Amino acid sequence: MIGVVIAWLSLSPSMAKRKRGEDADEGFIASVAERESEGEEDGDDSDESIDWEDVDLAVGSEGAKEKEKEGEDQKSVAVGDVNVTLKGKVAKKRNEGVKITKRDRIVRFFVHLVHVQSLLYHGFLRNIWLDDRNLQLALKKQLPKPLRKEFKKLRSSTDKVNFLDLLERTMLYFRQRFKIISTALRRLGYTEGTNIDSEKYIGESFASFKEYKAQLLRFSGSRDLGAQLFTCLMRAMGLEARLVFSLPVLGHEFNKNEMYVAPPRDNQDSELKRRIDSDLMFPTFWTEVLNPKTNTYIVVDPLVLPADKAVVSCDDTLPTDFEPKGRYAGRQKMRYVVGYEADKNAKNLTPKYMGFGESNLFFLKKEPKTEALRGSNSLDPTLREADPGGLGASPQKPSHRLKPKELAYEFFLKYMQLYIDPSKPVTSASEHEDELIRRFQTPVAKSYPSTLSAYKGHPTLVLSSQLHKDQVLKPTAQPVHSFQVASKARPRTETVYLREDVVTCRSEPAWLKEGRAIKKDEKPLKTEKFNPTTKRNKRKFQGVLKWEDRELEQGLYSYDQTEPFRHPPIVDGFVPTNEHGTMECFTPEMVPENGVHLRQSGIASVAKKLSISYAPAVTGFSFQSSMAKPTIEGIVVAQQNKDLLLDAWKTYHTQQLQTQAQKASQRALKKWASYLAKLRLLKRLKQQYTD
């Protein structure tokens, strides 16, 4: 079943594109669409470049007419007695006519998220199947006796056995025994109206655990199944082994690397037969085995990588060779790596395998930091209902400048919470693993570029002169480096700070739209020129500039200077309103105490007829023609009036439906009467004027 879901996601993105996600939070995700469009498509230097092919000089008009018949793209120009025929086509811009809208980018981003969730569950289910005790006993009996004796010695005394050598010999035996006879899981890409044989590339699919177990005991299948079998074999020998899964997920970008490319066919007729999945040079599944002596993990790829690189000890290094890169990477791409343990827990191993290049440092995040992922604005309704606070994540500063891949990684961290038991104690092996990752992080953070352009967009370092207008350094920030800028116009010394010491600030109205208010007696960290966008604010700005000869300014505050916004509580059923007669409810937490937000259509008129105190709920603004129009969704009433109002609304709504049905029936009857009258008229005219 999981294979079918993955194949649908891989082979039918056009179907997903047509399914417009109306329930999506487009306001939050719109930044993804805007940032996705940066740097993905390379345009031509000129829109009117012409490919000149042949120039035919024909004397007289007869030669020109003969050339015109050869193709429609020829054009004849007569100059005196010489007729010059130009043949060629005006070159079109790349991707001309294919317009990628913001909606398309949002849909593709959600396809990416759904695929991530499907693959996570796919690995979780396979890991559960590997814990079957009967399966492990059956596999244990098939291991050669010499290897079984070595593993038995290992359980009694770790000093008598070279554990790394034992794993290498077991891996070599496994490579000889296991036969690859079917295709593995792969990322095909997005298709646009291309007819392909989806069953051929769907990978292995098992209807039940019984079929899965039978295939494992045959020691044959795909390379993915082989890695799962090796993990089960290690657990059968009494070792702690992880099943590691590098998710072959569809990307969210719009580029040629995400488009469908048919895998190479296995040529069974040639003398040198092509090996199955020969274009996949890196594994998708592999195994991590805990060394009982050193209490560290050893990475084992039982089938794909060369034997000299298939077993890697992680005592003092990270296994970065498992990431597809270089000329042999092909279409394989590592995005997320998950390790499934025998106790049904999972761990995010992405930083361990992808390293800490300047584009991957956001992997160091442990929890989602985006406000919409933590709170009730989550795009995943299941998570929102399960934990309005964001799966127990503590409130942190929201990030407003996330790149698309960073935002996707935040969603991945959110989904990983479903496979992690928070009550499980942290083992010493896991602590050593995390410490090793932090150790390899340090050199990157302390490598300082010497040019200004290198600091723009740097993941860990920032120059004080390159801060955005809504950014400020923490009061406790200390410079970590400085260098001289050799400029003839303005030689100077630039100071370098850590990016983690940079605070993003927002104005008071902006924080209010996120359901937060400025704390009492807080002073702004930064003051910026007021930039009006609506006609009302522009008139206010121009009036102050004209009559007071000064510019309006607004203070910017950090997240730590704010607190959750609270309306005054509702007392005795009376709902207070603002000067506009409404109540701002941008987030569910802004609903006042003893109040409830009812979103039913037409419920305001019912409350008015019953003389119940209410306030129209403003949940946002729509901007058009330099004017901000409030978006009103339902009303806010006292909790004590909720049941009465809902009962009355149900009666009112039923009456409205009946009235609408009667009106629709009357309109239909009128149309039928008119239609019948026209038919009778037509019949009479035919009888009267037809011979």
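**Strand pairing and salt bridges in a predicted model**

Strands E14 and E15 form a hairpin, with 6 residues between them; strands (E, at least two residues) and helices (H or I, at least four) are DSSP runs, numbered from the N terminus. This is a predicted model, in which local features need pLDDT of at least 70 and side-chain atom pairs count only at pLDDT 80 or more, while totals for chains, interfaces and linings use all residues. Residues are numbered from 1 along each chain as its sequence is written, and side-chain values use heavy atoms, with hydrogens and water left out.

**Strands**
- E14 (residues 481-485) pairs with E15 in the antiparallel sense over 5 bridges, where pairing requires that DSSP finds at least two bridges between two strands, and Gln-484 has Thr-493 in E15 as its bridge partner.
- E15 (residues 492-498) also runs antiparallel to E12 (residues 461-463), to which 3 bridges join it, and Leu-461 has Leu-498 in E15 as its bridge partner.

**Salt bridges**
- The whole structure holds 21 salt bridges, each a side-chain nitrogen of Lys or Arg within 4 Å of a carboxyl oxygen of Asp or Glu.
- Glu-288 forms a salt bridge with Lys-352, the closest N and O atoms being 3.0 Å apart; because Glu-288 lies in strand E7 (residues 285-291) and Lys-352 in helix H11 (residues 350-354), the pair ties together parts that are 64 residues apart in sequence.
- Both Glu-288 and Lys-352 are buried, where buried means under 20% relative accessible area, exposed over 50%, and partly exposed in between (1.4 Å probe, protein chains only).
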